[in-house]
Amino acid sequence: MCALAVAAAAAVAFGSGSAHADPTSTMNGHPVIAFEQTVQWQVDGTTFWTAPGDATTILQDFVSWFATNIESLHEGGFDEWSWAEPQLVAPSYAALSNHGSGTSVDLNAQKHAQGLQGTFTAAQTAAIRAKVAEYSGRLVWGGEWTDIPDETHFELAPLLK
C-alpha cells in the first residue's frame, strides 16, 4: 500500500483534482474509519480488517467462500488487502478508496492485478458472479467494471442517497 500512498501523494502534488474529494466518505459513500474502529478476522491464516456490521459479515463470508471454492489466499505474498489509510483513487483522484472505510478487500492481488481481465478461469468467473449475486446487490466485484477492471477487488455496494 506504500506505493499507493506515494502515487496518491504525487497526484495531489501535480493538481489531479483531489480538492473535490470528500474527506469523510469513500467512493461507495461509506464513512472513512480509523484502524482502531475496524474488526479483525482471519481466513486461511490471512488477517483482514473491516468495518463493523455488514462489511465484516458480508466480506468475511465471501472471503471464506472464495478461499474454499475459488483459490487459496496464498497465491502471492502479502497481497490480500482490506482496511487501509484513505487514499485517493486513480485516474481522477477525486474520491477516496473504499479500503479507507473498511468496506472492501483485495484477494490475491498479484495474480489478479488491477487492469487485467481474464485472470480467473471461465468456471471461476461464473462461480464468483453467482456468489456475488447471492448478496442481492450488497456486494460488488471489480471484475465486472468496464472502465478499469479490478478482478482482485470486492466491495460493499454504494450507500443509497
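User: Which residues of helix 3 are buried?
Analyst: This is a predicted model, where local features need pLDDT of at least 70, side-chain atom pairs count only at pLDDT 80 or more, and totals for chains, interfaces and linings use all residues. Residues are numbered from 1 along each chain as its sequence is written, and side-chain values use heavy atoms, with hydrogens and water left out. Helices (H or I, at least four residues) and strands (E, at least two) are DSSP runs, numbered from the N terminus. Buried means under 20% relative accessible area, exposed over 50%, and partly exposed in between (1.4 Å probe, protein chains only); in helix 3 the buried residues are Q124, T125, I128, K131 and V132.

User: Within what arc do the buried residues of helix 3 fall?
Analyst: The arc is that of the directions from the helix axis to the C-beta atoms. An α-helix has 3.6 residues a turn, so residues three or four places apart point the same way. The buried residues of helix 3 line one face, because seen down the axis they fall within an arc of 130°.

User: Which exposed residues sit on the face of helix 3 turned away from its buried side?
Analyst: The buried side of helix 3 packs against helix 2, strand 4 and strand 5. Contact here means heavy atoms within 4.5 Å. The face turned away carries the exposed residues A122, A123 and A133.

User: What is the strand order of the open sheet?
Analyst: Two strands pair if DSSP finds at least two bridges between them. Strand 3 and strand 5 run antiparallel, joined by 3 bridges. Strand 3 and strand 4 each have a single partner strand, so they stand at the edges. The open sheet has 3 strands, in the order 3-5-4.

User: What angle does the direction of helix 2 make with that of strand 5?
Analyst: Axes are lines fitted to C-alpha atoms, for helices over the stretch in contact, and angles run from 0 to 180 degrees between N-to-C directions. Helix 2 packs on the sheet and touches strand 3, strand 4 and strand 5. With strand 5, the angle is about 150°.

User: Which side chain does H99 join through a polar contact of 3.2 Å?
Analyst: H99 lies in the loop between helix 2 and strand 3. At 6% relative accessibility, H99 is buried. A polar contact is a pair of N or O atoms within 3.5 Å; within protein, one must be able to donate a hydrogen and the other to accept it, and residues adjacent in sequence count only if both atoms are side-chain atoms. The partner side chain of H99 is that of S104.
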